[in-house]
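Take a look at the structure below. This report walks through a few of its parts, one at a time.

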Amino acid sequence: MPEGKIYEDLSTVVGRANTVFRIIAVLIVLALFYYWNVQILEHKKYWDLAESNRTRVRALPAPRGLIRDRNGVILADNRAAFKVSYVRENVVDMEGSYAAVGRLLETGEEAIRGRIDAFKSLPAFEPIVVKDGLGPYDVAPIESRRLEFPELVVDSEPQRFYPHGPLAAHVLGYLQERTPEEASALREARTEVGHMGGRTGIERQYDDRLTGEDGYLIEIVDSLGRGHGERDRRNPVQGQDVVLTLDARLQERAEELLEGREGVIIALDPRSGEVLAMASFPTFDPNRFITRFTPAEWLQLVNDPLSPLENRAVRGLYAPGSIFKLLMALGGLDFGYVDERTTVFCGGSTVIYGSPFACWFQPGHGSMDLSDAIKNSCNIYFYQLGRRMGIDMIALAGERAGLGVRTGIDLTGEKDGLIPSSQWKAKTLKTPWFPGETISVSIGQGQLQMTPLQVAAFTALIAGRGARIRPHLLKADQDAGKGAKAPFKSAVYGPIIEGMWRSVNDMGTGRAAFVAGMDVCGKTGSTQVMSRERAEKLAKAGIEIKTHSWFSGFAPRDDPRIVVTVLVEYGGGGGATAAPLAGRLFSLFQELQGP
Amino acid sequence: MMIDRRLVQEVDWVLIGLVLINSLVGVLFIYSASHFVPGAYYLKQLAWVGAGLIALILVVMVDYKFLVAFSPYFYGLSVALLAGLLVFARLISGTKSWIAFGSFRFQPSEMAKIVMILLFARLFAEYKSAYLTPRFTALALLLAAVPGLLIVLQPDLGTALAFSAVAGGAFVLAGMKKRTIAVFLLLSLAIGVGGWNYGLKDYQKRRLATVVSPHQDPRGSGYQVIQSKIAIGSGGLTGKGFKNGSQIQLRFLPARHTDFIFSVVGEEFGFLGVFTVIALYFFMLLRMFRSVTKARDRAGVYIVFMASLLIAFQFLVNILMIIGLFPVTGITLPFLSYGGSSLLASYVACGLILNVRMRRFANV
């Protein structure tokens, strides 16, 4: 083809077109360099960003260890439940979300807002539990609306479950949500904020052991937070089981016996200090506390005048009444104020320091030695003994016996008590001790205060003829009190145990605790809950005054295997109310021991 | 109309081949970017490629002389359509860019770009001196400004930008004196400052600011760019594998089958994939621009140049945009991005190039 005049000269425009293309080509090459920079030189940075984009770490809460009784009966178990958590990071419209979530979960807007506010110090990506304890049918409607609620996450979690309801509730304790501070204090930070932790009882005492090690799950998620399978996981490790010294059968019977009253029954093994039963009434169902949301019920229990949450066995302080006569006898014998043949005449009343003091048995018990006095719980004998000893020797005996101070049981919140002394009174009340006050203390009244568990441990000391034990609930706890110095001469126990045996088996005050073939030894007590003057006034006015009713004893007489201490608040006479309860527990123990 | 056998011999099969390869690469990545959502976008795109080929054949069959001759009518029609859109169209995703016939939707602004190419070819073909005069420049600017402004008002900044690039290309080709260039620069500066203060919507300003610092607003305008850059950067040298890019498959990357299709290449096939696709595209662009030398007349040169520039400009802006070097303006990657109107317009532009090239001999 000829290149001639029929074609115009386009070289200028064609040249310009080529220049433009060359500029474009250079720009493309420059762009390629930038791609090289991003994809090769900065690859690591963007790779990490992509990884954190697509993964979400979920905590897998570890189940708590189980709590069993000495025979393996499960007292605290776990079951699967669902919880709904709120992730602030995923929220678009915070205010609208509170209202919508409140409606969806049927908790109301304010409840959601309150929860979120309580945890606002956490980073925004941390899930905050807004509802828990849900079953699979409860979470279905929430799961189905997942796209509408990107801020909600539904997880399963092991939830505490107490299969026997209120059985041993005070011993087991209950759980509450861990605060951020508690969670970080827990060893090796094995657990997360918002998980449940032990608040009272064994759950609290052995929280560290019961708490497992949380696992995690690294999940692949899309931009809407929907899961697309898992990439890595570490399974949670369940907490260690805790085996208690309790015997569920004795515990159950003890609680049955207290039903409808306020009081305490403790059974323990005097040889080892193992607590076989510890019942405190009224009680509660710890299953009510397994969710994070029980404020109304919680307040009701806390404010209940009968204090059902209090474990009276270790936190209730009572005057021991006539049970204290056992300590008087120990001190009197050990310090040499009396011996087993010393007799005192009881004519129904006596005058000491110019004031009349009456025995509970108006006709009088006649002439009595120590074991007669214990059998009949004679006041006159112990008034005289107290007068001879003086308050400070009584206090010394009490201190040696471990009364008025914590036993050291493995339960949080145990209280001390009080054995008054002249020194104590001068220090606390800034007044000197009046000898007349000693007389009240001699029969277990006055300022004396101790917990039922201290009384039980003291009874075990007598049962073991001076072998001191520390009551404990953990079966594996084997060093309980072993090697402690014997507080009294071993010879002093004989006449006291003789008196306790006769009290139950020889028509004494404790006869209602008699169990055939069991050789129960025990002592009753009735504690006046008000001043003697006031009580006499009310009695004259014909108003029945009920005293706290005590019984504490052991069986069998030789080689004792069980101590039972019973306290019934306002139960009346110890022989009438507490002793028969103890007898029924002794007889169950006998049955369980077999022939 | 019958087509001469000699004309068929002159068809640039290499260019058609390159266009088809690029289109199929697009279909492949659209599949990877959208197989997990309903809609079978890759099949629809395949249908659009077919439609594009038919459009291409239709464009090739008519001598570009006629198309140029009729361009004022096309121009009038498209201005009327664009104006009508502003008045009658319903808002679809915030813009009035679409004509809808049932489920079929079409963007007149895409066709307006083609019409502009033809009109300018006609206008500039008559103008044979080495440099532009002010009067002629004013006329050409006015003709380009009417549809350009109508597109800006939709608002569709991306298309308007491509539109002005094509128009501007014609001026560059016609040649500008230093004084004219100075006036142009001043004018652009005035439009830029005025536009920033009065014309641009807030979201458009944010997008511009995002180029400078995408992390200022990681949940808003910056989000797309950050996610796209993460996708590309995490791809590394060889990529994460087909259908295996976490940014894409887990939906972190928005508009992944349309504007951000090239990020899919970057994440799943890495730098090697990016290099290969850019190389393929480069050869296609080279082939297009080389056709300028094959044009028989001035109008042909303008047509080929502007059509090539249309494709090249959108390509360049797109690959810079998805890596954060250019504001997110909604400019698609021609032949690769999902979208019927855009694909059709690109095929028509390609048809024009082929048309000019195969009729390079006079008096045929």
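## Two crossing helices

Start with a cut-off: two axes count as roughly perpendicular when the angle between them is 65 to 115 degrees. Keep in mind that the model is a predicted one. In chain A, helix α13 (residues 324-335) and helix α16 (residues 391-401) have axes that cross at roughly 105 degrees. These two helices are therefore roughly perpendicular to each other. Their axes come within 9 Å.

Which residues make the contact? On α13(A) they are A:Leu327, A:Met328, A:Leu330, A:Gly331 and A:Phe335. On α16(A) they are A:Met393, A:Ile394, A:Ala397, A:Gly398 and A:Ala401. Eight of the contact residues are nonpolar and two are polar. None is charged.

## An enclosed helix

Now move to helix α20 (residues 493-505) of chain A. This helix has 13 residues. From first C-alpha to last, α20(A) reaches 18 Å, close to the 18 Å expected at 1.5 Å a residue.

Eleven of the 13 residues of α20(A) are buried, so the helix is largely enclosed by the rest of the structure. Among the buried residues are A:Tyr493, A:Ile496, A:Glu498, A:Trp501 and A:Asn505. What do the buried residues pack against? Their partners in chain A are the helices α13, α14 (370-376) and α19 (452-463), along with the strands β17 (521-527) and β18 (548-555). Just after α20(A) comes A:Met507, with a positive phi of about 55 degrees.

## A five-stranded sheet

Strands β17 and β18 of chain A also belong to an open sheet of five strands. The order is β12-β11-β19-β18-β17, and the pairing is antiparallel. Which strands lie at the edges? They are β12 (275-281) and β17 of chain A, and each pairs on one side only. Neighbouring strands in this sheet are turned by 5 degrees against each other on average, direction ignored.

Look at one pair inside the sheet. Strand β11 (residues 263-268) and strand β19 (residues 562-568) of chain A are joined by six bridges, in the antiparallel sense. Here A:Ile265 stands opposite A:Val566 of β19(A). Helix α10 (residues 248-258) of chain A packs on the sheet. This helix touches β11 and β12 of chain A, and its direction makes about 25 degrees with that of β12(A).

Strand β9(A) pairs with strand β8 (residues 215-221) of chain A over five bridges, in the antiparallel sense.

## Where chain A meets chain B

The next stop is the contact between chains. Here 35 residues of chain A are in contact with 42 residues of chain B. Two elements of chain A give two or more residues to this side: α1 (11-41) and α2 (43-54). The largest share, 18 residues, comes from α1(A). On the chain A side, 23 residues are nonpolar, six are polar and six are charged.

## Chain A as a whole

Chain A has 22 helices and 19 strands. Of its 595 residues, 45% are buried. Take the contacts in chain A with a separation of 6 or more: 72% of them come from residues 24 or more positions apart.

Key:
Residues numbered from 1 in each chain as written. Chains lettered and ligands numbered in written order. Predicted model: local features only at pLDDT ≥ 70, side-chain atom pairs only at ≥ 80, totals over all residues. Axes fitted to C-alpha atoms, helices over the stretch in contact; angles between N-to-C directions. Helix = DSSP H or I, 4+ residues; strand = E, 2+ residues; numbered from the N terminus. Parallel < 35°, antiparallel > 145°, perpendicular 65-115°, else oblique. Contact = placed C-beta atoms within 7 Å. Nonpolar A, V, L, I, M, F, W, Y, C, P; charged D, E, K, R; others polar. Expected span 1.5 Å × (residues − 1). Buried ≥ 20, exposed ≤ 12 C-beta atoms within 10 Å, placed from the backbone. Pairing = 2+ DSSP bridges.
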